[in-house]
Amino acid sequence: MKHARIAVVALALVLAGCSDSDSPAPSASASTATSSVPSGSSSGSSGSSDSPGDEPAPTDASDKTSPASADAKLTVTDIRTGRHENFDRVVYEMGGTGTPGWRVGYVDRAVQDGSGNDVTVAGGAILQVLIDGSAYPFDSGVEPYSGPDPVLAQPGGSVVEVTGSGVFEGVTQSFVGVAEPNTPFGVYALTNPTRLVVDVAR
């Protein structure tokens with residue numbers, strides 16, 4: 001009987017270890033993540049739990065917005081892309097405090113905030129990603145992203161590349177080159193670590 005109780009406890013611990021503490025169970029246009037980004041698709045860090053497995057593709061190409069928390073002071077520390085069965089994923093990992101907000105939508109031109117300069121973005125369409133609640137590194141105390149720019153996605157998918165992560169007046173601006181215009185996408189945030197995720201349908 002003692003051995004049986006030990007076996008039951010061990011099984012319970014294994015099952016508990018398989019649960020995903022990050023997943024808020026959003027809709028198809030705002031999906032969650034449970035496993036690691038495929039190797040070769042990350043610009044920097046690896047082993048983060050921001051790959052979802054087998055989730056439905058986003059179905060809506062309209063603009064997506066959500067407010068940042070009042071205490072947000074966040075700096076982008078990593079940008080990576082991943083390929084999944086129904087969509088391509090872009091992940092902005094952040095350090096600092098609070099929860100990011102976002103304003104994400106298609107634009108005709110990629111124009112850098114502050115300077116007004118055009119930004120070259122590969123692909124057939126441009127998705128502008130504005131992350132509210134951002135802070136300069138000297139305010140957040142976090143080392144900023146210093147990897148490749150642009151971050152190239154795996155060839156043949158809906159995401160072509162990700163360009164820029166500059167901060168201007170509390171907003172991080174980035175552009176995602178998308179292969180085809182008006183491709184549906186979803187946006188949401190994850191925690192531990194803080195991440196903003198953009199999924200683009202394939």
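The paragraphs below lead through a sheet, the charged contacts around it and the aromatic pairs of this predicted model. Residues are numbered from 1 along each chain as its sequence is written. Because the model is predicted, local features need pLDDT of at least 70 and side-chain atom pairs count only at pLDDT 80 or more, while totals for chains, interfaces and linings use all residues, and side-chain values use heavy atoms, with hydrogens and water left out.

The antiparallel pairing of β2 with β3 extends over 10 bridges, and within it Gly 82 stands opposite Arg 89 in β3.

Arg 89 is buried, at a relative accessible area of 1%, where buried means under 20%, exposed over 50% and partly exposed in between (1.4 Å probe, protein chains only). The side chain of Arg 89 is joined to that of Asp 199 by a polar contact of 2.6 Å, that is, a pair of N or O atoms within 3.5 Å, of which, within protein, one must be able to donate a hydrogen and the other to accept it, residues adjacent in sequence counting only if both atoms are side-chain atoms.

Charged side chains also meet in salt bridges, each a side-chain nitrogen of Lys or Arg within 4 Å of a carboxyl oxygen of Asp or Glu, and the structure holds 8 of them. One joins Asp 88 to Arg 202, with the closest N and O atoms 3.6 Å apart. Since Asp 88 lies in strand β3 (residues 87–97) and Arg 202 in the segment after β10 (194–201), this pair ties together parts that are 114 residues apart in sequence. Asp 88 is buried at 2% relative accessible area, whereas Arg 202 is partly exposed at 49%. Another salt bridge links Arg 80 with Asp 78 at 2.7 Å between the closest N and O atoms, and both residues are buried, Arg 80 at 1% and Asp 78 at 4%. These two residues belong, together with Glu 93, to a network of salt bridges.

The rings of Tyr 106 and Phe 185 have centres 5.7 Å apart and planes at 80 degrees, so they meet edge-to-face. Tyr 106 lies in strand β4 (residues 101–107) and Phe 185 in strand β9, so parts 79 residues apart in sequence are tied together, and both residues are buried. By contrast, Tyr 136 and Phe 138 are stacked, because their planes are at 15 degrees, with ring centres 5.5 Å apart.

Notes: Helix = DSSP H or I, 4+ residues; strand = E, 2+ residues; numbered from the N terminus. Pairing = 2+ DSSP bridges. Phe/Tyr/Trp six-rings, centres within 6.5 Å; stacked < 30°, edge-to-face > 60°.
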